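Please look at the sequence and the model before reading on.

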Amino acid sequence: MKIDHILDERKLTVSYEIFPPKQDSAFDSVIACAEELAELDPDFISVTYGAGGGTSANTVKICSHLQSRGVTPLAHLTCLSSTKDHVHRIVDELKDQGIENILALRGDRPKDPDFVAPGDYRYASDLVSDLKTRGEFCIGGACYPEGHPESGHKDRDLANLKTKVDAGCSFLTTQMFFDNNMLYSFLYRAQAAGIRVPILAGIMPVTNGNQLKRMMELSNAYLPPKFLALVDRFGDNNEAMKQAGIAYATEQIIDLVTNGVRGIHIYAMNKPDVIRQIVGNISAILREAR
Ligand code: FAD
């Protein structure tokens, strides 16, 4: 099913993100994770895509598995490091598997200083425009409540986001954030900038100190004192940090739902037990709101 139809139909959507294995030998464990998440009745599950394209085959395979299991898949697709031919091959595979939803991304610039982009796509909006010519896909895009790290200026970033939406995005998913006020302020500014598509709130449960370090390399999210205190206090104890991280994410979601946010997208990090606990904590709230 197309995600824009799901978003139209439901008062609240809850979705999860998983990533494909780097090694094929771990493929079955990712499928087992997808299976466990499928049991939690998500509105859809998204599957990330390696920026260098290394895991593209697995992204398609996992999406195809979800599809056969009756769960709507959202296939991520990046473009900066790819030629049009390569992207079109992946898109044709998705089409062949009956996958209707694509999250169109630019991808991060590889760290290699000698990297030269093929040049077929510069921004995600170029990919969105190209995908519009390749079939009847429902296309989503990424957005950044605190501004994309490269943009330097939030208003410029928002204007670029509007260009991406106008190119053909039906919905947006946010980068992780740990202070809901960042999201509320962004939703207000997006509305004022004329962005009218649904915006799904990306929630990352932080369940260990190392994960936080890696995340901070990837995003410039503001860490509120309450969150930092929790990592300071429990970061060295895996079990305690896991419980605290689950509680923090749970609180964030309750506040978002209470304030009328209609899409929660949880970065599941291939840890279905964490997601099971979060949605278990708020099962009555989710039933009521959906
Ligand atoms: P864009 O929308 O192209 O924006 C990138 C930068 O370019 C921004 O600073 C923007 O302001 C600027 N820009 C855009 N258009 C213009 C323009 N016309 N002129 C000037 N500047 C412009 N990465 C992966 O490798 N694989 C994944 O599966 C993946 N999934 C993600 C899912 C979500 C929900 C999010 C939030 C991010 C994900 N990423 C993923 C990371 C993403 O690829 C990076 O954040 C990347 O740096 C930007 O991608 P984008 O699609 O947002 O790019």
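Which residues come nearest to the ligand? Of the 23 residues around the ligand, Thr48, His76, Arg106, Ala124 and Ala142 come nearest, where a residue is near a molecule if its C-beta atom, placed from the backbone, lies within 6 Å of it. This is a predicted model, in which local features need pLDDT of at least 70 and side-chain atom pairs count only at pLDDT 80 or more, while totals for chains, interfaces and linings use all residues. Residues are numbered from 1 along each chain as its sequence is written.

**Confidence**

- The protein chain has a mean pLDDT of 94, and 99% of its residues reach 70 or more; pLDDT is the predictor's confidence in each residue, from 0 to 100.
- The scores of the model are ipTM 0.99 and pTM 0.97.

**Overall form**

- The protein chain contains twelve helices and eight strands; helices (H or I, at least four residues) and strands (E, at least two) are DSSP runs, numbered from the N terminus.
- The protein chain has a radius of gyration of 18 Å, close to the 19 Å that the globule rule gives for 290 residues, so it is as compact as a globular protein of that length. The radius is taken over C-alpha atoms, and the rule is 2.2 Å times the number of residues to the power 0.38.
- Of the 290 residues, 42% count as buried. A residue is buried if 20 or more other C-beta atoms lie within 10 Å of its own, exposed if 12 or fewer, and partly exposed in between, with C-beta atoms placed from the backbone.
- Among contacts with a separation of 6 or more in the protein chain, 82% join residues 24 or more positions apart; two residues are in contact if their C-beta atoms, placed from the backbone, lie within 7 Å.

**Around the ligand**

- The shell around the ligand divides into six nonpolar, twelve polar and five charged residues. Here Ala, Val, Leu, Ile, Met, Phe, Trp, Tyr, Cys and Pro count as nonpolar, Asp, Glu, Lys and Arg as charged, and the others, Gly among them, as polar.
- β3 (73-78), α5 (124-132) and α6 (154-168) each supply at least two residues of this shell, and α6 gives the most, with four.
- Histidine 76 lies in strand β3 and counts as buried because it has 24 C-beta neighbours inside 10 Å.
- Histidine 76 is 28 residues from threonine 48 in sequence, and the two are 5.0 Å apart in space, C-alpha to C-alpha.

**Nonpolar core**

- The largest nonpolar core has 80 residues, and those with the most contacts inside it include Ile45, Ala75 and Ile102. Such a core is a set of buried Ala, Val, Leu, Ile, Met, Phe, Trp, Tyr and Cys residues joined through C-beta atoms within 7 Å.
- Helix α10 (residues 238-258) gives the most to this core, with seven residues.
- Leucine 131, in helix α5, is buried, with 21 other C-beta atoms within 10 Å.

**Positive phi angles**

- Most residues other than glycine have a negative phi.
- Aspartate 41 has a positive phi of about 60° and is found in the loop between α2 (27-38) and β2 (44-47). Aspartate 41 is exposed, with 11 other C-beta atoms within 10 Å.
- Methionine 269 has a positive phi of about 50° and sits in the loop between β8 (263-267) and α11 (272-281). With 20 C-beta neighbours inside 10 Å, methionine 269 counts as buried.
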